[in-house]
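Please keep the sequence and the structure in view while reading.

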Amino acid sequence: MRFLLYFLAVVLPAFLWVPTAMAQGTSASRAEAEIELGKASFPINEYFTISFHLRGAALERYSAFPDLEGFKKSGKSSTTTTRIVNGQRSSELIITQRYAAYAEGEYVIKPFTMTINALTVRSGGGTLRVGPQATGPATPPSTGPLQGIGSLDQLFGKPKPQEYVEPKDQAFLALVPDRARIYVGQGVHIALYFYLTAEDQGVLDFYNFAGQLPDIIRQLRQRTVWEETFDEQEITPEAVTVDGKPFLRFKLYEAELYPLNTQPLVFPAVALQMVKYRVAKKPDPGLDNRMEGFKTYFSGAKTVTVLALPPHPLRDQVPVGSYQLREAIDRTTFRTGQAFAYTFTVEGEGNLAAVNLPAPAPREGLEFYGPDVDQNLTRESGRVGGRKSFRFRVVARRPGQVPLDSLLRLVVFNPETARYDTLRPELRPQVRGPVRETVTFSPHPTDPFYQEALRDADNTLQQIGLYRDVRRYANFLLVALLAIAGFGWWQAGRNK
């Protein structure tokens, strides 16, 4: 009898609520991450890459990419893919680390792990073969005009003048925009760099950089722009040449800014405090012979002029960028009443978030469904670009040529040529078959909506109040069983 009461009071209610707990666990574990290695064989003038993919969650943090013996880290890139299918949004982030080999030969990558958000991802490593240089020009490192202003040194403690001296340094802080004049909607890349020579490395060091960076970014932020930040979390030196002299450059912050109006972008001078050591005038063997102090470096103030777009009826609506049109269609023969998929893809450099294809012009005998939107954005080497696709499902009721060029078009402004361009389709599918005034929608079997969204759907008809009734009947049954058990317990007590 006691076992029956325990079963009714504890086991049965837990059993009834198990599906809810499982659903919550499934929802909380939707984030996925994986590591992908580049080609195992490549020439010495090409990069080896290690990438990680993150799906189902926003990037919060990730551990450093591994150091590979025989290779030097040489910059990163990030790619964000966003898909909107029937109103459901999904995204995938790919961050890629490039590695340059020092010499030809065979290298072994040991297994390693990375932590991405709260996920630990493991790679089994592999063997790399670096061959002779491939034919073709190598890509030179990007350089540009740089400026920086160093402040007067602050006082360092109270050492005796004859004991310590402050060495001179050639380091400086510089904010570098890649353009001085841009149009509304055109991107400008800005980067904050700290430069120092190889000799300066022994007397300079970063100080509380994580605490200083948020205030620096706050001062550089602009209120009248759309900002695309670069997912760079490691600060590594890069060898560059400034006025014919070698420097090491540390990239502290970078972003691509797209102004929303003609207000100029004004960047104030920002400060970076560094640790600077004084060195002993008469070094003692076996001692460090350095005294820690501080020095503050200032960047120069910068202003980027923003120009209005030339006159045009759609001037306030057109996307700005260097774009091209790519088309795709899922079949070669077309029949009336059958759906076919047409994809209008805008590709190039610019603010893809501002690219929105106007709805197709209505036309008798044609039906458009969608679009499903797929955006792939890449940030690499100071450039932001990619592609944005609009996928329609089209049904033609009448035979003849489908005039896509008169139904879909996108006006864009090219800042390089300072001209407006119209992207319009060149494909003109020819539909054959009888006229069908009433059409039953017949999707193509490769349609992603019917492959993914309805793949596991149950098409069994259910009553609207089915689950509410099941819960009510289960509660009635539970009360009845408890009453029977209580009566049995009471009856057993009377018989003793």
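**The chain as a whole**

The model is predicted. Its secondary structure comes to 5 helices and 31 strands. Of the 496 residues in the chain, 39% are buried. The accessible surface is about 29400 Å², and carbon and sulfur atoms account for 53% of that surface. When contacts between residues at least 6 apart in sequence are considered, 73% of them join residues at least 24 apart.

An open sheet is formed by 8 strands, in the order 1-3-5-4-26-27-25-23, and its pairing is antiparallel. Strand 1 (32-37) and strand 23 (321-329) each have a single partner strand and stand at the edges, so one side of each is left without a neighbour in the sheet. On average, and with direction ignored, neighbouring strands of this sheet are turned by 15 degrees against each other.

Strand 4 covers residues 71-85 and strand 5 covers residues 88-101. These two strands run antiparallel and are joined by 13 bridges. Strand 4 is also joined to strand 26, again in the antiparallel sense, by 8 bridges. R83 illustrates both pairings: S90 is its bridge partner in strand 5, while D374 stands opposite R83 in strand 26.

Strand 26 (residues 366-380) pairs in turn with strand 27 (residues 383-396), antiparallel and over 13 bridges. One of the residue pairs here is L366 with its bridge partner A396 in strand 27. Strand 26 is also the place of P371. The peptide bond that joins G370 and P371 is cis, with omega about 15 degrees.

Another open sheet has 3 strands in the order 13-22-19, and its pairing is mixed. Strand 13 (181-183) and strand 19 (265-267) are the edge strands, each pairing on one side only. From one strand to the next, the twist averages 20 degrees. Strand 19 and strand 22 (residues 302-307) pair in the antiparallel sense over 3 bridges. Within that pairing, V266 stands opposite T303 in strand 22.

**Helix 2**

Helix 2 (residues 209-220) has 12 residues. The distance from its first C-alpha to its last is 16 Å, close to the 16 Å expected at 1.5 Å a residue. Its buried residues are F209, Q212, L213, I216, I217 and L220. They cover an arc of only 135 degrees around the axis, which puts them on the same side of helix 2. The elements that these buried residues pack against are strand 12 (172-177), strand 14 (188-196), strand 15 (204-206), strand 18 (245-259), strand 19 and strand 20 (271-280).

**Selected residues**

L175 is found in strand 12. Which residues is L175 in contact with, leaving aside its neighbours within four places in sequence? They are I190, A191, L192, L220, F267, S299 and K302. The C-alpha atoms of L175 and G300 are separated by 6.9 Å, although the two residues are 125 apart along the chain.

The loop between strand 7 (112-116) and strand 8 (119-123) holds A118, and N117 has its place in that loop. The C-alpha atom of A118 is 9.6 Å from that of A31, a residue 87 places away along the chain. N117 is not a glycine, yet it has a positive phi of about 55 degrees. D243 lies in the loop between strand 17 (237-242) and strand 18. Its phi is near 55 degrees, a positive value in a residue other than glycine.

As background to these backbone values, most residues other than glycine have a negative phi, and most peptide bonds are trans.

Buried here means under 20% relative accessible area, and exposed means over 50%.

| Residue | Relative accessible area | Class |
|---|---|---|
| L175 | 2% | buried |
| N117 | 11% | buried |
| A118 | 68% | exposed |
| D243 | 81% | exposed |

Is N117 buried or exposed? At 11%, N117 is under the 20% cut-off, so N117 counts as buried. A118, in the loop where N117 also lies, is at 68% and therefore counts as exposed.

Conventions:
Residues are numbered from 1 along each chain as its sequence is written. This is a predicted model: local features need pLDDT of at least 70, side-chain atom pairs count only at pLDDT 80 or more; totals for chains, interfaces and linings use all residues. Side-chain values use heavy atoms; hydrogens and water are left out. Two strands pair if DSSP finds at least two bridges between them. Helices (H or I, at least four residues) and strands (E, at least two) are DSSP runs, numbered from the N terminus. Axes are lines fitted to C-alpha atoms, for helices over the stretch in contact, and angles run from 0 to 180 degrees between N-to-C directions. Buried means under 20% relative accessible area, exposed over 50%, partly exposed in between (1.4 Å probe, protein chains only). Contact means heavy atoms within 4.5 Å. Accessible areas come from the Shrake-Rupley method with a 1.4 Å probe; for residues, only the protein chains shown count as cover. The expected span of a helix is 1.5 Å times one less than its number of residues. The arc is that of the directions from the helix axis to the C-beta atoms.
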